[in-house]
Amino acid sequence: MSATKKNTLKLKFDSSRNLAPAPESKSVAKIADRYDLFINGKFEKPSSKKYFDTINPATEEKLSVVAEANAADVNNAVAAARTAYEKQWKKTAPKERAKYIYRIARLIQEHARELAVIETLDGGKPIRESRDFDVPTAANHFFYYAGWADKLDYAFPNRNPQPLGVAGQIIPWNFPLLMAAWKIAPALATGNTVVLKPAETTSLTALKLAEIIQEADLPPGVVNIITGAGTTGAALVNHPDINKIAFTGSTEVGKMIQKAIAGTNKKATLELGGKAANIIFEDAPLDQAVEGIINGIFFNQGHVCCAGSRLLVQESVYKIVLQKLKDRMETLIVGDPMDKNTDIGAINSKQQLDVINKYLKIGQQEGAEMFQINCNIPKKGFFCRPTIFTNVAQSNRIAQEEIFGPVLAIQTFRTEDEAIEKANNTPFGLSAGVWTNKGSKMFNMTSKLKAGVIWANTYNKFDPVSPFGGYKESGFGREGGLHGLGAYLKV
Ligand code: NAD
């Protein structure tokens, strides 16, 4: 039998979907019936007197109600952050700042199980992922930046690094606790105070973090956490006493923020959308590459800014890769995010599911061929089967626009130049992946791809030490690593 024929044989996997349920217990999660705003070290009722529901997207059940901050509440939070900055935090010795940040990291570890359960209940991601990725990585960010707090003069020698003041931080719903850690840890390490607004569908772990911050005895007002939707976010962006805006979210809102702060002295970092290409050469370790594709797009239901939502495969191995991919996809378990067997949990909201379904229709109307795995999905809750599109043209909307769901657009290429041309041909430039066993090809590709992060023979690996950020419509500025400190300093 020829090697090719052998490779195209349909692989037989155990039907892992028949595994007995292994649900994580909800009993560790203490979720209050109502959450107020965390301002000046205390939970305060909103002056708006309004609350909104936060639901479990896997069951559509209400988990709690969360305060909606209006402009007056935003003002109170910014005033608390300003007072804490002027009177205390900027004067606190760096090594003392570090101790608080370490304490927060340790407390995240102590509360890890509860945080993971709440993240999964509120956001829909599989418990395995909240437990093994989101929560430990969030703690790691605090540990990492705690280490920098008293070494800023070494990080920026002879440049007298000084904090900016009060940072307004706005985060999305895909990694709620982790994004809060990405934002808060470097801000505190550099001597800034913070007003953070989580996304309206996933406020709970940020509010649990507020409780942790209280437990860590952080001076009141150094971190304030206010909840609400776009109007609350806009009030924070437009507040005159904010020195820096750190935003992670969609390109559309990022553009609005950039316009809003134009002509002011506010500094900004914008971490926005992406449409990354995973590029597979014929000499790549194909089984590993297929795992990388699966991890790249189906990880976290495709709710990842740097998701490998496009696959570029060298024509000579297209058929083998496609078959291996479909076979592997058939083994994925879609369903209850609280089950430890689940690979793909719930889509974060009905609104996001509608967006994904809209793109599934668009893809078919554009003439692409759709393949979805043959599995049952729960009747209640927001779920989407992992989906791939073949016969995709470069101009198709499913190849150009961010879908933010478990949907992969597949194209082929013949040469390195063609792969680079296609990979770079979108408005975004956040990330990419290259799979080859040739070092020279890897260097050629990585030096020509226009992406902030490029993974080589792997995908979706994160570390607090590595800077992260994009080009073009994926935003500007870097978070993580030494670069992430610079974004909060006058140097
Ligand atoms: P979104 O832009 O709708 O919302 C993000 C945050 O902005 C939320 O907290 C929201 O309430 C707030 N917001 C909405 N309108 C606002 C306004 N006018 N002014 C100020 N704040 C406002 O994004 P989303 O749907 O929550 O998240 C998904 C997007 O985030 C995707 O595009 C994804 O690529 C991007 N993302 C990027 C990164 C990155 O590091 N580049 C990381 C994660 C997510």
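# A walk through the folds

Start with Lys183: at 0% relative accessibility, Lys183 counts as buried. Buried stands for under 20% relative accessible area, exposed for over 50%, and partly exposed for what lies in between, with a 1.4 Å probe and protein chains only.

Some ground rules. This is a predicted model, where local features need pLDDT of at least 70, side-chain atom pairs count only at pLDDT 80 or more, and totals for chains, interfaces and linings use all residues. Residues are numbered from 1 along each chain as its sequence is written, and side-chain values use heavy atoms, with hydrogens and water left out.

Back to Lys183. Where does Lys183 have its place? In helix 7, residues 176-189. Helices (H or I, at least four residues) and strands (E, at least two) are DSSP runs, numbered from the N terminus. What is Lys183 in contact with, leaving aside neighbours within four places in sequence? Its list holds Gln169, Ile170, Ile171, Leu196, Ala246, Phe247, Thr248, Glu479 and Tyr488. Contact here means heavy atoms within 4.5 Å.

Now look at strand 7, residues 166-170. Five of its five residues are buried, so strand 7 is largely enclosed by the rest of the structure. Val166, Gly168 and Ile170 point one way from the strand. Ala167 and Gln169 point the other way. Both sets are buried.

Which strands pair with strand 7? Two strands pair if DSSP finds at least two bridges between them. Strand 8, residues 193-197, runs parallel to strand 7, with five bridges. There, Ile170 faces Lys197. Between these two strands, the chain passes through helix 7, and this β-α-β crossover is right-handed. Right-handed has a rule: with the strands pointing away from the viewer, the path from the first strand over the helix to the second runs clockwise. Strand 10, residues 244-248, is also parallel to strand 7, over four bridges. Gln169 has Ala246 as its bridge partner in strand 10.

Stay with strand 8 for a moment. Val194 lies in it. Is Val194 buried or exposed? With 0% relative accessibility, Val194 counts as buried. Not counting residues up to four places away in sequence, Val194 touches Ala81, Ala167, Gln169, Ile184, Ala187, Leu188, Val222, Val223 and Asn224. Gly41 is 153 residues from Val194 along the chain, yet their C-alpha atoms are separated by 12 Å.

Next, two helices. Helix 4 (residues 112-123) packs on helix 8 (residues 204-215) at an angle of about 155°, and their axes are 9 Å apart. Axes are lines fitted to C-alpha atoms, for helices over the stretch in contact, and angles run from 0 to 180 degrees between N-to-C directions. Helix 4 and helix 8 are therefore roughly antiparallel. The cut-offs: under 35 degrees is roughly parallel, over 145 roughly antiparallel, 65 to 115 roughly perpendicular, and the rest oblique. Helix 4 brings Glu114, Leu115, Ile118, Glu119 and Asp122 to the contact, and helix 8 brings Leu204, Thr205, Lys208 and Ile212. By type, that is four nonpolar, one polar and four charged residues. Nonpolar covers Ala, Val, Leu, Ile, Met, Phe, Trp, Tyr, Cys and Pro; charged covers Asp, Glu, Lys and Arg; the others, Gly among them, are polar.

Six of the seven residues of strand 16 (residues 407-413) are buried, so the strand is largely enclosed by the rest of the structure. Strand 13 (residues 310-314) pairs with strand 16 in the parallel sense over five bridges. Arg310 stands opposite Ala409 there. Strand 15 (residues 387-390) runs parallel to strand 16 too, joined by three bridges. Ile388 has Leu408 as its bridge partner.

There is also an open sheet of three strands, in the order 1-5-4, again with mixed pairing. Strand 1 (34-35) and strand 4 (51-55) are the edges; each has a single partner strand, so one side is left without a neighbour in the sheet. Strand 1 and strand 5 (residues 62-67) are parallel, over two bridges. Tyr35 stands opposite Val66 in strand 5.

Last stop: Gln258, in helix 10, residues 251-261. At 40% relative accessibility, Gln258 counts as partly exposed. Leaving aside neighbours within four places in sequence, Gln258 is in contact with Leu270 and Phe476.
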